[in-house]
Amino acid sequence: MILFFRRIWAFLARDWRLELSYRMQFFLRVLSILIVVTTLFFISKIFTGFADPRFSQWRDPLAAWLTGLAVLNYFMTGFSSLANAIRQEQVQGTLESVLMTPISVPTVIVASSAWDFVQATFFSSLYLFFGWLFFDVHYRGSFLLALMFLVLTTVVLSCLGILSASFAMVFKRGDPFGIFLGTGSALFSGVFFPTQLINQYAGSGVASISRALPPTYGLDGIRRVLIEGQSLRDVQQPLIMLLIFLIVLLPFSLWVFGRAVRKAKREGSLIQY
Amino acid sequence: MTLEAKSAAISVDHLSKTYPVSFLRLKKLLRRKFKPPVEALRNISFTINEGEIFGLIGQNGAGKTTLTKIIATLVQPTTGNVTVKGHDTVKDDQRVRRNVGLSGAEERSFYWRLTTEQNLLFFARLHGFSGRAAKSRISELFELLELQELATRRFAELSTGNKQRLSVARAMLAQPPVLLLDEPTRSLDPIAAARMRSTIKSLAQANNATIFLTSHNLNEVEELCDRVAIISKGEIRALDTPRNLRAAHTEEERVTIVFGGLGLADSEQALARSFRPELFVFEPSSRADETSVKFVRDDHDQLLDRVLRTLQQSGALIKSVESEKATLLDVLERYEEADND
């Protein structure tokens with residue numbers, strides 16, 4: 001276990017140093033988040049007093065958007081960083097030398113995406129922090145329970161990320177999961193508007209897409225806790241759905257990943273991109 | 001386990017590798033054109049003993065890199081198996097990697113925006129070193145490979161030769177008992193190359209490290225290696241000591257004798273009395289008062305001694321005798337010619 005954490009630390013230290021060599025990028029990203037939050041604040045003012053009472057999470061649209069964006073940013077990291085980690089090492093040409101150390105491929109993937117999670121935690125928090133600091137957005141409920149939803153949804157999305165990494169390992173480029181989840185989550189998971197509207201305007205068939213996406217449940221759970229102040233008992237439904245996703249996806253994604261690694265080693269294409 | 005197996009650092013047993021065609025069934029179904037599978041290695045077997053420096057030579061595309069990568073666990077064999085220190089490279093790959101250090105010829109295998117020390121620190125931690133132990137080991141290696149002054153330089157700023165030395169340093173980080181060195185002196189200046197060769201020799205002698213070395217520098221292979229394998233079109237065509245390989249190729253040597261005190265015509269006459277004249281080629285030497293005679297002799301015959309006596313008895317003063325045996329290049333070329341025929 002010490003070895004595992006030492007390796008995680010090695011990747012974190014490496015990526016921190018690489019990040020330091022590109023300082024400007026960091027400041028520009030902080031600035032862009034501030035600009036997005038400010039823009040959303042002004043847009044939210046259009047809707048003041050017009051919120052539909054059916055959509056209790058959307059009484060303050062700014063709070064709903066900020067939690068949506070913060071959580072989406074984190075979820076997308078959980079999903080995409082694993083495949084990106086492999087792809088980046090392949091493109092840089094460093095994957096072979098990393099794999100020559102006594103470290104398993106799954107550890108390489110987990111460890112090399114660790115920095116992405118650190119960054120995502122920081123930048124996601126910035127959405128909430130700027131909302132609280134500059135625009136008087138208040139959150140209530142248990143942060144611990146919200147964190148549990150965040151972690152659980154991220155793990156579920158990481159399973160899809162493992163499938164995506166398997167895809168990158170075999171096909172190198174072109175990732176169907178990325179297209180499905182990346183565009184799908186923003187549209188169907190309720191990041192910018194209540195998912196009930198999909199049912200109302202596009203019918204139950206289209207609304208079922210929303211129900212098939214894990215971020216929908218994660219986001220719903222987090223908003224219920226942070227915006228509506230609901231307790232563990234109130235959020236059992238999205239919690240159970242996320243657990244079902246986890247039970248199905250975790251073993252399946254690990255099995256697919258093992259097969260992808262074996263195929264790449266047989267074809268000698270592990271380091272190709 | 002047999003005695004031989006115990007002392008074997010690397011054992012390659014009926015190893016074949018064919019790179020398969022990706023999605024062959026799908027391509028056949030869609031009637032898409034596909035290149036035939038590439039047969040990179042064919043039924044290779046050999047053993048490398050502990051503490052041995054083993055060289056692998058062959059043309060580009062002969063199978064050297066595939067063999068090295070299979071030993072390094074980066075590529076899986078199609079049939080046969082490879083063991084390193086008794087561990088199978090497929091079933092027990094992590095244990096194999098604990099015992100192996102690979103120094104490749106690929107410059108992109110480092111992080112260009114990190115310093116040399118930061119690069120090695122990262123890889124040392126992946127090997128399980130604590131921060132303090134890693135720094136101490138890195139400082140030892142910097143001293144050994146004379147990289148101290150480059151510790152704080154970014155990898156991108158290093159010369160090609162220094163990048164190569166850093167790659168060797170990385171391979172040696174965890175003091176593995178087996179080192180795989182792919183062209184270790186490539187891009188090094190002659191002095192640095194000589195130092196690297198001396199380091200490689202001392203690693204094998206002092207640390208009993210086993211070294212598997214591929215190189216295009218045949219003089220280097222001859223100087224360093226206890227045994228050499230010649231690989232061509234995926235097959236090991238010959239495997240022996242450099243001396244035996246040369247001897248198996250030809251036992252002839254080319255001799256050049258430079259002498260003074262006897263003119264070109266007189267020396268021709270003197271030798272023609274005792275030997276067949278077509279054996280010799282006479283040339284005036286670069287100095288006006290000297291002549292050179294060239295001939296080919298067998299390793300075990302008395303021709304050299306007899307020629308020297310004849311010349312001396314005719315009044316010649318011997319200035320120098322040079323003999324040139326077949327090199328590994330001659331041996332390699334012979335196998336390549338045979339393959340191309």
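**Exercise 1.** Does Q175(B) count as buried or exposed?

*Solution.* Keep in mind that this is a predicted model. Start with the place: Q175(B) sits in the loop between α7 (160-172) and β7 (178-182) of chain B. Next, take its relative accessibility, which is 55%. The cut-off for exposed is over 50%, so Q175(B) counts as exposed at 55%. One more thing to spot in Q175(B): its phi is near 50°, a positive value in a residue other than glycine.

**Exercise 2.** Find the loop that holds K233(B), then work out how exposed this residue is.

*Solution.* Look between β9 (227-232) and β10 (235-240) of chain B, and you'll find K233(B) in that loop. Its relative accessible area is 45%.

**Exercise 3.** What radius of gyration does chain B have, and what would a compact globule of 341 residues have?

*Solution.* First the reference: a compact globule of 341 residues would come out near 20 Å. Now the chain itself: chain B has 26 Å. For the box, the C-alpha atoms fill roughly 75 × 55 × 45 Å along the principal axes.

**Exercise 4.** How many helices and strands does chain B have, and what share of its residues is buried?

*Solution.* Count the elements of chain B and you get 13 helices and 14 strands. Then turn to burial: 47% of the 341 residues are buried.

How values were computed. Residues numbered from 1 in each chain as written. Chains lettered and ligands numbered in written order. Predicted model: local features only at pLDDT ≥ 70, side-chain atom pairs only at ≥ 80, totals over all residues. Heavy atoms only, no water. Helix = DSSP H or I, 4+ residues; strand = E, 2+ residues; numbered from the N terminus. Rg over C-alpha atoms; globule rule 2.2 N^0.38 Å. Buried < 20%, exposed > 50% of the residue type's maximum accessible area, 1.4 Å probe, protein only.
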